[in-house]
Amino acid sequence: MKEFKGYKKGIDLGGWLSQCDYSKERLEGFIKEEDIKTITDWGADHVRLPIDFNILEDNNGGYLESGFGYISGAVELCGKYGLNIVIDLHKTAGFSFDKGEKETGFFDSEALQERFYKLWEEISKRFGNDPAHIAFELLNEVTDKEFSPKWNKIVHECIARIRKFAPDTPILVGSYWNNSVSAVKDLDDPYDDKVVYNFHCYDPIEFTHQHAYWVEADRFDVSKDMSFEESGACEEYFEELFAEAVRKAEENDTVLYCGEYGVIDKASPEDTLKWYKAINAVFEKHNIGRCAWCYKEMDFGLSDKRLDGIREELLKYI
């Protein structure tokens, strides 16, 4: 399968400009230059930068220079240390993957969709001139399957708008069920040859999210401890899980990329390492670029002390 050059091994910067309290202390201090250097030392070639719309926009959709300044600062730091960057719009006005955010109506509102397009036009004007080092991710984790037909139309229109200002920038597009790899099959054919099929993988969720308080109990039972062996995850498991998405990407001569994957800090370090080994084998086999969730804290932190004993080995499989 085609290679997503420059985006083979990445680390997510979750919790910095997204899913946070938006305090000045957080926005200016959660990730610092020493962290970017550490990520480079870990052997990564890129980072993914989740950012929420309300850092970039005021309540009326006007643009906030301070918010764009945070992106500019991240791009500059990544450039200094030789890292590429994915700018990920993690939430937009009217939609969030997190139902607790109470952002609704996006898929039924032309006004909210137009606001989304204009925000991406603005991002493209500012960051669309360096396609060798900057990629765009349109929206994080579309949730319900019923949104799929509308989302495909929104994707087409949004990319057309972006291409006026960023004709060569790679654009990542995910599907429903929170970017499930099983939903890649229902994405439209790529708008052009610079579109990347994007998915997230936390399978099996009963293992990777064990004791996660935010997981809906009526969908998954994550209330129990689960070992790696009990999870059923292995190289063959991921091979079967990814097979349909791999075929879809190959049929469309496009790239397949995993923008999030990881294991919650409730699992043991040893089991975390086993899971990473298993999924990494399939990533490598099919030339799938990926970005691990996440660098720091957020219940999945790769820099957290609990992983000190296995981190050197773990980094071989990210």
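Student: Okay, buried means under 20% relative accessible area, exposed means over 50%, and partly exposed is in between. With that in hand, is Glu122 buried or exposed?

Tutor: Glu122 is buried, because its relative accessible area is 14%, below the 20% cut-off. Keep in mind that this is a predicted model.

Student: Got it. What does Glu122 pair with in a salt bridge?

Tutor: Its partner is Arg126, and the closest N and O atoms of the two are 2.9 Å apart. Arg126 is partly exposed, at 28% relative accessible area.

Student: And where do Arg126 and Glu122 lie?

Tutor: Both are in helix 5, residues 110-127. They are 4 residues apart, about one turn of the helix.

Student: Why can side chains pair up like that at all?

Tutor: Side chains of opposite charge can pair when their charged atoms come close.

Student: How many salt bridges are there in the whole structure?

Tutor: A search turns up 29. One of them joins the side chains of Lys37 and Asp41, at 2.9 Å from N to O. Those two are 4 residues apart in helix 2 (residues 33-41), which means about one helical turn separates them.

Student: How exposed is Lys37, and how exposed is Asp41?

Tutor: Lys37 is partly exposed, with a relative accessible area of 39%. Asp41 is exposed, at 53%.

Student: New topic: the overall fold. How many helices and strands does the chain have?

Tutor: You'll find 12 helices and 8 strands. Of the 318 residues, 56% are buried.

Student: Why would you say the radius of gyration agrees with a compact globule?

Tutor: Because a compact globule of 318 residues would have a radius of gyration near 20 Å, and the chain has 18 Å. Along its principal axes, the C-alpha trace spans about 50 × 40 × 35 Å.

Student: What share of the contacts join residues at least 24 apart?

Tutor: It's 75%, counting contacts between residues at least 6 apart in sequence.

Student: Let's talk backbone. Which residues does a cis peptide bond join, with omega about -15°?

Tutor: Asp203 and Pro204. Pro204 is in the loop between strand 6 (195-201) and helix 8 (205-208). The bond from Trp293 to Cys294 is also cis, with omega near -15°. Cys294 belongs to the loop between strand 8 (289-292) and helix 12 (311-314).

Student: Why point those out?

Tutor: Because most peptide bonds are trans, and most residues other than glycine have a negative phi.

Student: What is phi for Tyr22, and what is it for Trp177?

Tutor: Tyr22 has a positive phi, near 65°, and Trp177 has one of about 55°.

Student: Where do they sit, Tyr22 and Trp177?

Tutor: Tyr22 is in the loop between strand 1 (9-12) and helix 1 (24-29), whereas Trp177 is in helix 7 (residues 176-179). Tyr22 is partly exposed at 29%, and Trp177 is partly exposed at 41%.

Methods
Residues numbered from 1 in each chain as written. Predicted model: local features only at pLDDT ≥ 70, side-chain atom pairs only at ≥ 80, totals over all residues. Heavy atoms only, no water. Rg over C-alpha atoms; globule rule 2.2 N^0.38 Å. Buried < 20%, exposed > 50% of the residue type's maximum accessible area, 1.4 Å probe, protein only. Contact = heavy atoms within 4.5 Å. Salt bridge = Lys/Arg side-chain N within 4 Å of Asp/Glu carboxyl O.
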